[in-house]
Amino acid sequence: MSVPLFNLAPNLTVSRLCLGTMTFGEQNSLPQSLRLLDQAFDAGINFFDSAEMYPVPQRAETQGKSEEYFGQWVRKRKISRDRVVIATKVAGPSGQMSWIRDGPKCLDAKNITEAVDGSLKRLQMDHIDLYQIHWPDRFVYSSYPLSISPGDSLGLWTCHFKTNYVPMFGETEYDPVRQFSSVPIEEQLDALGRAVDAGKIRYIGLSNETPYGVMKFLHFAENNVHYPKIISVQNSYSLLCRTFDSGMAECCHHERIYVLGYSPLAMGILSGKYFASDGAPSDARLNLFKGRYSEGESRYSLARNTLKLATMEYLGIAEKYGLHPVSLAIAFVLNHPLVASTVFGVTKSWQLEEVISACNVELTSEIIADINKIHAKFPNPCP
């Protein structure tokens, strides 16, 4: 069974399953990672996603390992560069990862340029196919004042301490009181455009974005031929998180922006393993990293009753129609007309087999109707 392909952009054909690498270097050793990459590639997966901050939970000791492992796999297996599509990401402002450019404190041109070069070095490649902003430079992390001043002759800017904000990672409501100035989108597009012109990246995309962010990036690119246009948005999308359909779907449809839906299994919850009698294996991510992975635990809190109720009903649909729960979850995401590929993560070979088997499952109108009834009862328990 071969994984189907999708034409994401001119000369950029990707598999509809994208193997995320954020466990490589933490949950998965190098030999384990290489075996998973072999298995995925042999099944027809050519699309792989990483980030400069990976693996997670993020630590100074492991930062960058996921990119390094992928680069080593390509070299060790002597895979022609044009046979794989690699997507990676620049970390947005967090203030917590001091080992990544002191925070990072902001997403200015200097940070983007250094991040691109750092990823290329770890990957040991001469270009990145899809380079994404991991989260917007509108994310609150401190109460320091903002100071931005003109930089060198390239027109760069120097960013000091800042506070800005966009709801994400489980937050759903925008609070204008928390919004402050941020690095101009034009500056970010200029830095990305320079990297495109230099042949370091081919295409750009966004991640964890809002309709406002998508439209602003498109607006500035439309009015300046030197700015690259985004081709994709990597946002969470699953049976338990359909917030994309509220506002983003309209923007992406009209602007021809495709979605890379990440976390299609809601961090493994939709497999049903966390609600089994044994409470899932000890090495399942929400058990293994309990208290250490705030983004995961805030969005996918197992203590949330609506999450359990919704999940049990989706598991019931899978049983009713004779589907594996993973097949139902993956097929639902791939059924969306705007989804180009779904970004998933695995730590074991049998998990990868389950996902690969799911990619050719087609959902009937009756199954979709049953899914929508549950969504109406329990809308987005993992936003």
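The report below starts with the whole chain and then visits some local features.

## Before we start

This is a predicted model, in which local features need pLDDT of at least 70 and side-chain atom pairs count only at pLDDT 80 or more, while totals for chains, interfaces and linings use all residues. Residues are numbered from 1 along each chain as its sequence is written, and side-chain values use heavy atoms, with hydrogens and water left out.

## The whole chain

The protein chain has 12 helices and 12 strands. Both are DSSP runs, numbered from the N terminus: helices are H or I with at least four residues, and strands are E with at least two. Of the 383 residues, 57% count as buried. Here, buried means under 20% relative accessible area, exposed means over 50%, and partly exposed is in between, using a 1.4 Å probe and protein chains only.

A contact means heavy atoms within 4.5 Å. Among the contacts in the protein chain with a separation of 6 or more, 74% are between residues 24 or more positions apart.

Which residues of helix 6 are buried? In this helix, residues 248–255, they are Met248, Ala249, Cys251 and Cys252. These residues cover an arc of only 165 degrees around the axis, so they sit on the same side of helix 6. The arc is that of the directions from the helix axis to the C-beta atoms.

The buried residues of helix 6 pack against helix 5 (211–222) and strand 10 (230–234). On the other side of helix 6, Glu250 and His254 are exposed. Helix 6 is followed by Arg256, which has a positive phi, near 60 degrees.

## A buried serine in a loop

Ser238 is in the loop between strand 10 and helix 6. Is Ser238 buried or exposed? Its relative accessibility is 1%, so Ser238 counts as buried.

What does Ser238 touch? Not counting residues up to four places away in sequence, Ser238 touches Ser263, Pro264, Ala266, Leu270, Phe332 and Val333. The side chain of Ser238 also reaches the backbone nitrogen of Leu240 at 3.1 Å.

## Aromatic rings in pairs

How many aromatic pairs does the structure hold? There are 7 aromatic pairs. Rings of Phe, Tyr and Trp (its six-membered ring) pair if their centres lie within 6.5 Å; planes under 30 degrees apart count as stacked, over 60 as edge-to-face and the rest as tilted. The rings of Phe48 and Phe70 have centres 5.1 Å apart and planes at 45 degrees, so this pair is tilted. Phe48 lies in strand 4 (residues 47–49) and Phe70 in helix 2 (residues 65–76), so the pair ties together parts that are 22 residues apart in sequence. Phe48 is buried, with a relative accessible area of 0%, and Phe70 is buried, also with a value of 0%.

Phe70 and Trp73 make a tilted pair too, because their ring centres are 5.6 Å apart and their planes are at 45 degrees. Both lie in helix 2, 3 residues apart, about one turn of the helix, and both Phe70 and Trp73 are buried. Ring pairs link Phe41, Phe48, Phe70 and Trp73 into a cluster.

## Two helices side by side

Helix 9 (residues 305–320) and helix 12 (residues 365–377) pack at an angle of about 170 degrees, with their axes 10 Å apart. Helix 9 is therefore roughly antiparallel to helix 12. Axes are lines fitted to C-alpha atoms, for helices over the stretch in contact, and angles run from 0 to 180 degrees between N-to-C directions. Angles under 35 degrees count as roughly parallel, over 145 as roughly antiparallel, 65 to 115 as roughly perpendicular and the rest as oblique.

The residues making this contact include Ala310, Tyr314 and Ile317 of helix 9, and Ile367, Ile371 and Ile374 of helix 12.

## Backbone details to look for

Most residues other than glycine have a negative phi, and most peptide bonds are trans. A cis peptide bond joins Tyr54 and Pro55, with omega about 10 degrees. Another cis peptide bond joins Val56 and Pro57, with omega about -10 degrees. Pro55 is in the loop between strand 4 and helix 2, and Pro57 lies in the loop between strand 4 and helix 2 as well.

Gln124 has a positive phi, near 55 degrees, and is exposed, with a relative accessible area of 51%. Asn208 has a positive phi as well, near 50 degrees, but counts as buried at 8% relative accessibility.

Note on methods
A polar contact is a pair of N or O atoms within 3.5 Å; within protein, one must be able to donate a hydrogen and the other to accept it, and residues adjacent in sequence count only if both atoms are side-chain atoms.
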